[in-house]
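Subject: Structure for your review

Dear colleague,

Please find below the structure that I am handing over to you. My notes on what was found in it follow directly after.

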Amino acid sequence: MKFVCEGMTLSEAAFIVSKACAIRTMTPVLECIKIKAENDGLLLTAYDGEISIEKKIKAEVLEEGEICVNGRFFADFMGKISYNEVIINSDDKGIVVRYGDSETNIQTLPTDDFPIFNGEQISKEKYFEIKQNDLKELISKVTFCCATDESRPILKGCLLEAKEGKLYATALDGLRMASGFKETTDGGDMKIVCPARTLTEISRMLEGDETLKIYADKNRLSVEVNDTVITSRLYAGEFVRKENIYPINFASQVIVKKSELMQSIERAGVLTRGDKNNLVVFDIKSDKIVINANSDMGKIEETVNTELDGKELKIAMNGKYLLDAVKALTEENIVLSFNMPNSPFTIENEEDKCFQYLVMPMRTGNQ
């Protein structure tokens, strides 16, 4: 194998593809990027058992062939090369990377054991189409509520449901939930649970308002953006239904300015930093919320002006979970809706209801 290509182009491609390289695995080839040189370009591929990323770039191929090189090492190394042109060829020991008057030898692995996970095998019949900037916003404002532990693997994913011209997304980790929707531009109905990590990698590629097609079958998803193809396994099983968690009615609703509430919670968060529960207590009155937080460092008590419709109450919560939701909202005024002190409460914009957040309350020593 031997080829010539732009150093920056190869560096950027290696960085993108390396996101699908496994870390600390018993199968070294899963830590690799496979580089295949043929015709007038290169195909870089990585696959860690869950997600595959392929990237095509142009190159002058002098001798066709393919090798596997440690992905993160190769991406880091190429990122340090500032030369416009690099020449790479393989030999019995690995590959030789030439740039300017210098060269570096890098060990490689044979491609025989590299797994096959081809997104082109996914049926093109089942898909939905959405604007890139809409999907990017949907991902950023929902997936942060996905679970990160292995106790319930399906909750590490986000439920995506395309129906009636909209794409609905739901994520929860057992203590909080995020849901939202955006308009779709084409395609049929679909219901899948996609790993949050996959959606994060897709989001990194999105920009502008061009439309994007996402294909899926019963256990895989595929999307292509700018000569990059991401293919991912989907989670199997029944996802928690939002309708079974989200309250139908509320006993109290509070309208508050987002900036004032956010700043107050952030100050309380400084005090409770290091406390895994980030406990904050709201004492909700007719025209204000008294916010309290305590730690070994001290105590904070602040007042935020509000408009209350309903009953007064006192409720404790994880301040970080509330802050994450408040930051994701966009309007000047936001609405917090409550029932009992031990019931989940919600946070949303006053006008635009595209995104909604739910947080479970916490018990304190007085409850």
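Nine strands make up an open sheet with antiparallel pairing, in the order 6-2-3-4-18-17-16-10-14. At its edges are strand 6 (65-70) and strand 14 (186-187), each of which pairs on one side only. Helix 2 packs on this sheet, where it touches strand 2 (32-38) and strand 6, and its direction makes about 90° with that of strand 6. Please bear in mind throughout that this is a predicted model.

Tyrosine 215 has serine 222 in strand 17 as its bridge partner. Helix 3 (residues 132-142) lies across both of these strands and across strand 10 (127-131), running at about 95° to strand 10.

Strand 11 (residues 157-163) and strand 12 (residues 166-172) run antiparallel and are joined by five bridges; alanine 162 stands opposite leucine 167 in strand 12.

I turn next to strand 1 and its pairings. Strand 1 (residues 2-6) runs antiparallel to strand 7 (residues 85-90), and five bridges join the two. Phenylalanine 3 stands opposite isoleucine 88 in strand 7. Strand 1 also pairs with strand 5 (residues 60-63), again in the antiparallel sense, over three bridges. In that pairing, lysine 2 stands opposite glutamate 63 in strand 5.

How do helix 1 and helix 2 cross, and which residues meet there? The axes of helix 1 (residues 7-17) and helix 2 (residues 71-79) come within 8 Å and cross at roughly 145°. The crossing of these two helices is left-handed. From helix 1, Gly7, Leu10, Ser11, Ala14 and Phe15 meet Phe74, Ala75, Met78 and Gly79 of helix 2. By class, this contact has six nonpolar residues, three polar residues and no charged ones.

Some overall values complete the picture. The protein has six helices and 26 strands. Its C-alpha atoms fill a box of roughly 75 × 50 × 35 Å, taken along the principal axes. Of the 367 residues in the protein, 51% are buried. Among contacts between residues at least 6 apart in sequence, 67% join residues at least 24 apart. The protein exposes about 18,600 Å², and carbon and sulfur atoms supply 45% of that area.

With kind regards

Methods
Residues are numbered from 1 along each chain as its sequence is written. This is a predicted model: local features need pLDDT of at least 70, side-chain atom pairs count only at pLDDT 80 or more; totals for chains, interfaces and linings use all residues. Side-chain values use heavy atoms; hydrogens and water are left out. Axes are lines fitted to C-alpha atoms, for helices over the stretch in contact, and angles run from 0 to 180 degrees between N-to-C directions. Helices (H or I, at least four residues) and strands (E, at least two) are DSSP runs, numbered from the N terminus. A crossing is left-handed if the near helix is turned anticlockwise from the far one by less than a right angle, and right-handed if clockwise. Contact means heavy atoms within 4.5 Å. Ala, Val, Leu, Ile, Met, Phe, Trp, Tyr, Cys and Pro count as nonpolar, Asp, Glu, Lys and Arg as charged, and the others, Gly among them, as polar. Two strands pair if DSSP finds at least two bridges between them. Buried means under 20% relative accessible area, exposed over 50%, partly exposed in between (1.4 Å probe, protein chains only). Accessible areas come from the Shrake-Rupley method with a 1.4 Å probe; for residues, only the protein chains shown count as cover.
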